Amino acid sequence: MSGSPATSDGPGRSGLAVVVGAGGGLGAALVAQLQHAGRYDQVVSLGRASEIHLDYADESSIAAGAQAVAGLCAESGLALRLLLVATGFLHGQQGQPERGWRHLDAAYLQHVFLVNTVGPALLIKHFFPLLPRQGRCVAGFVSARVGSIGDNALGGWYGYRASKAALNQLVKTAAIELTRSNRESICVALHPGTVDTPLSQPFAKTGLTVRPPQEAAGDLLAVLAGLAPASTGALVDYRGQTLPF
Ligand SMILES: NC(=O)c1ccc[n+]([C@@H]2O[C@H](COP(=O)([O-])OP(=O)(O)OC[C@H]3O[C@@H](n4cnc5c(N)ncnc54)[C@H](OP(=O)(O)O)[C@@H]3O)[C@@H](O)[C@H]2O)c1
């Protein structure tokens, strides 16, 4: 994959938006909101069940996804202005989040790091070269407040916490590199709040505010729209507040 395919969207055009993890609770809501708002000329869905198939277990699918997006940019003359990553793993066939150190399990840890850390790192590798070198462009990676080391008061969930903390470091590192090629770029990690999706469903406790994915998606898009390049590299929540790493 070579160079950014387009640097100008032309007068009155706002570019192309990509959502990775479009089949998830939050991802589907982000796609729906972006399509409804009409802020971007084209919204492209990527995921394991999307037409442009992308699975973190297979790097060649990530490279092929980037190539497909580069092709769409070239065809339309649009630049990739928004990359949103809404993938994530907490529980499933591969295991459950650890309540204590006795539950630490290599297979679960490998999977949670594959989905929450390695996959997004490979997205940076294959998709960031497509971002334009001029004009505003935004990359948002949905992380989680529990990945904040400074904010960890409860313990537990070793793998999820560590994989999201590592994601936050990747985002910060990529933000610095991206600024070198485009000073108007913004690359952030995002905390969506607790959202009613399959990921949170088994852990929704009474007393916890659980919001519909549509509301969380709307909040995240509003936060991203209001961010300035000075915020690049930060972990930002759905209210626009910067959280400690
Ligand atoms: N829900 C919450 O309360 C909450 C709170 C804090 C942070 N978050 C974060 O928000 C993000 C979205 O989660 P969600 O709540 O929408 O969960 P979800 O409904 O379970 O969605 C998870 C997404 O991750 C994708 N994914 C899983 N394994 C993958 C793999 N091997 N390759 C590529 N994609 C893979 C899924 O793809 P498929 O559609 O193909 O399965 C799906 O799109 C995650 O980063 C999560 O950590 C959620």
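A: Let's start with residue classes: Ala, Val, Leu, Ile, Met, Phe, Trp, Tyr, Cys and Pro count as nonpolar, Asp, Glu, Lys and Arg as charged, and the others, Gly among them, as polar. By that scheme, the shell around the ligand here holds 13 nonpolar, 12 polar and two charged residues. Keep in mind that this is a predicted model, where local features need pLDDT of at least 70, side-chain atom pairs count only at pLDDT 80 or more, and totals for chains, interfaces and linings use all residues. Residues are numbered from 1 along each chain as its sequence is written.

Q: Which residues come nearest to the ligand?
A: A residue is near a molecule or strand if its C-beta atom, placed from the backbone, lies within 6 Å of it. Of the 27 residues around the ligand, the nearest are Gly23, Gly24, Arg48, Gly88 and Leu199.

Q: And which elements give two or more residues to that shell?
A: Helices (H or I, at least four residues) and strands (E, at least two) are DSSP runs, numbered from the N terminus. Here helix 1 (25-37) and helix 3 (106-127) qualify, and helix 1 gives the most, with three residues.

Q: Is strand 5 mostly buried or exposed?
A: Buried means 20 or more other C-beta atoms within 10 Å of the residue's own, exposed means 12 or fewer, and partly exposed is in between, with C-beta atoms placed from the backbone. In strand 5 (residues 137-142), six of its six residues are buried. Cys137, Ala139 and Phe141 point one way, while Val138, Gly140 and Val142 point the other.

Q: What does strand 5 pair with?
A: Strand 4 (residues 80-85) runs parallel to it, joined by four bridges, and Leu83 stands opposite Ala139. Strand 6 (residues 185-191) also pairs with strand 5 in the parallel sense, over six bridges, and there Ala139 stands opposite Cys187.

Q: Through which helix does the chain cross from strand 5 to strand 6?
A: Through helix 4 (residues 158-181), in a right-handed β-α-β crossover. Right-handed means that, with the strands pointing away from the viewer, the path from the first strand over the helix to the second runs clockwise.

Conventions
Two strands pair if DSSP finds at least two bridges between them.
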